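Thanks for coming. I will go through one structure today, starting with its salt bridges and ending with the surface.

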Amino acid sequence: MAWSPPGKRPWWHYQRIELPTPITHRLSKPHRKLYWLSCIVFCLLVLYYISSHFEIHVTPHPVELLVQQSRKEFYEKVQRQSRTLEKAETEYKRRYGRSPPQGFATWFNFTTTHNVHRIDEYDEMAQSLKPFRDAGPETLRKYIEHVKGGPHISVLSIRDHKLITPTGWWVPTYEEAIHAMLDPVLEFLPDMDLPLNTQDEARVLISSRDGEKDEEVRFETRDHENVWWEVSQSCIGINTTVSKDSEIFKPYIVDVSESKDICQHPELGGLVGFVTCPESMSITPQAVPLFSQAKLGTFGDLLFPSPGHIEHLLKSHYDPSKDVAWQDKTNDLFWVGSTTGGHSENGSWHNFQRHRLVALTNSLPHSSYPASLAAAFARHLELYDIHFTAALQCSEQECDVLRKYFGVKGGQPFEEMFRHRFIFDVDGNSFSGRFFSLLLSKSLVLKQSVQKEFWEEWLGEWVHYVPVSVRLEELPELMEFMALDKRGQRLAREIAEEGAEWASGNVRVEDAMSYLFRLLLEYAELFR
């Protein structure tokens with residue numbers, strides 16, 4: 001017998017240990033399924049308990065932080081709006097250091113009766129009026145008299161509470177839009193003359209040289225020329241410090257107004273056709289109180305609601321019956337349009353907003369666009385359905401170059417864009433007339449613009465639409481997050497729904513009417 005150490009048995013003395021049969025083997029097949037189902041439910045309940053009682057840290061995307069911050073700031077502003085006439089008058093005096101214009105109480109009653117919620121947010125209007133207030137009523141009257149009958153100017157007159165419109169409107173359908181905004185308030189307005197700028201581009205660049213107050217108004221024509229020197233002169237001596245948040249979230253836009261400020265962002269001078277080679281540009285250094293539909297920040301034109309926007313609302317260009325539910329929309333970014341935005345000659349178009357957008361989203365190489373940015377777009381070209389439908393504002397030879405380079409395609413019905421979850425909106429020669437219709441839809445609007453408009457203080461970036469920079473450097477990451485990431489998809493849908501809901505109650509003819517009513521009361525004060 002083999003020797004073994006004391007107290008130890010040979011290996012063959014050990015008996016096989018039988019493990020207990022697993023419980024699942026002792027259950028019938030139906031009970032086995034019930035057992036596993038119970039385990040799954042138990043695990044889910046445990047996970048729910050942990051998520052409800054303990055903070056699970058998930059690193060937020062910059063877009064999520066921007067949306068959260070922007071919602072808080074915008075709706076705090078909404079809540080601060082004055083609810084009574086007395087509070088509105090007090091807030092006006094606090095902001096502008098003077099009493100409200102004559103008729104302010106009538107305006108307040110009109111506004112509240114028509115469920116307009118914008119009561120106090122008119123800082124851009126007040127800032128625009130200041131140079132004309134400094135010029136004085138006699139000078140303004142002379143200037144208006146001199147521009148009557150001038151090129152690209154139509155003068156509206158109010159006499160005895162009736163509107164007198166000029167013949168030969170630059171866009172025939174705009175007359176209906178003007179009447180829609182003014183007719184309901186004519187009974188409250190004094191006699192006045194309103195010189196309207198009929199060009200897309202703003203025209204008033206008030207210079208310090210206007211101290212002489214020449215009686216004869218001078219307009220300098222600068223079509224197809226670089227006008228950076230002229231539009232940037234008022235930036236001299238201005239503090240151009242960019243906000244801390246803008247640096248933190250770069251390249252995402254934090255403050256739309258700041259992002260359009262050419263004094264803070266002089267690089268815009270080489271990135272927009274409005275400056276590098278405008279289709280039309282006729283400017284004056286004098287304080288002519290011209291009403292324009294949009295303007296670059298250094299211009300002094302008075303902003304009035306574009307008849308183009310109002311026409312879209314009156315004609316119901318957005319038809320809900322032709323829209324598509326979010327889950328049924330194509331998961332990409334859509335834009336089509338013509339090659340406007342400036343006059344194309346000798347390759348000047350590579351500095352234009354629309355051309356940059358179409359080139360980068362279709363992986364069309366050009367030395368003006370950073371290779372790293374082109375590569376970022378190329379990662380997911382399937383996320384972009386963007387192309388030109390016509391080559392315009394170019395010589396015949398240059399138009400041929402554009403057609404060949406961009407592969408210009410035919411036009412599509414207006415409602416085609418609503419089949420896509422994301423719709424891009426971009427400046428043409430000036431502002432985009434589509435914006436209001438897009439905002440009312442079930443799609444998310446991504447907007448790129450350097451132009452100021454009357455609605456800017458009453459729509460929230462990252463709340464009702466998504467702002468995009470002129471360089472487009474954040475667009476690839478933005479689209480990858482909002483189109484491909486579950487959290488981004490959920491957030492995109494929320495912004496789209498919030499934008500449509502806000503627009504239905506705050507982007508109406510009545511809202512434009514209220515804005516224009518207040519503007520004309522302020523305008524009338526200039527002549528008293």
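Let me begin with a question: is Glu456 buried or exposed? Keep in mind that this is a predicted model. Glu456 has a relative accessible area of 14%. The cut-off for buried is under 20%, so Glu456 counts as buried.

Its partner is Lys260, and the two side chains form a salt bridge with 2.7 Å from N to O.

How many salt bridges does the structure hold? The count is 31. I will pick out a few others.

Next is the pair Lys329 and Asp323, whose side chains meet at 2.6 Å, N to O. Lys329 is buried, with 5% relative accessible area, and Asp323 is buried as well, with 10%. There is also a network: Glu91, Arg94, Arg95, Glu121 and Asp123 are joined by salt bridges that share partners.

The pair Glu225 and Arg222 has its closest N and O atoms 2.5 Å apart. Arg222 is buried, at 10% relative accessibility, whereas Glu225 is partly exposed, because its relative accessible area of 35% lies between the cut-offs of 20% and 50%.

Now the chain as a whole. It has 528 residues, and 52% of them count as buried. The secondary structure consists of 19 helices and 12 strands. Among contacts with a separation of 6 or more, 76% are between residues 24 or more positions apart.

Last, the surface. The accessible surface of the protein chain is about 25600 Å², and carbon and sulfur atoms account for 53% of that. Which residues form a nonpolar patch there? They are Leu34, Leu37, Val41 and Leu45, with about 380 Å² of accessible area together. One of them, Leu34, lies in helix α1, which covers residues 29-53.

Methods: Residues are numbered from 1 along each chain as its sequence is written. This is a predicted model: local features need pLDDT of at least 70, side-chain atom pairs count only at pLDDT 80 or more; totals for chains, interfaces and linings use all residues. Side-chain values use heavy atoms; hydrogens and water are left out. Helices (H or I, at least four residues) and strands (E, at least two) are DSSP runs, numbered from the N terminus. Buried means under 20% relative accessible area, exposed over 50%, partly exposed in between (1.4 Å probe, protein chains only). Contact means heavy atoms within 4.5 Å. Accessible areas come from the Shrake-Rupley method with a 1.4 Å probe; for residues, only the protein chains shown count as cover. Patches are made of residues with over 30% relative accessible area and no salt bridge: like charges are joined within 9 Å, nonpolar side chains (Val, Leu, Ile, Met, Phe, Trp, Tyr) within 5 Å. A salt bridge is a side-chain nitrogen of Lys or Arg within 4 Å of a carboxyl oxygen of Asp or Glu.
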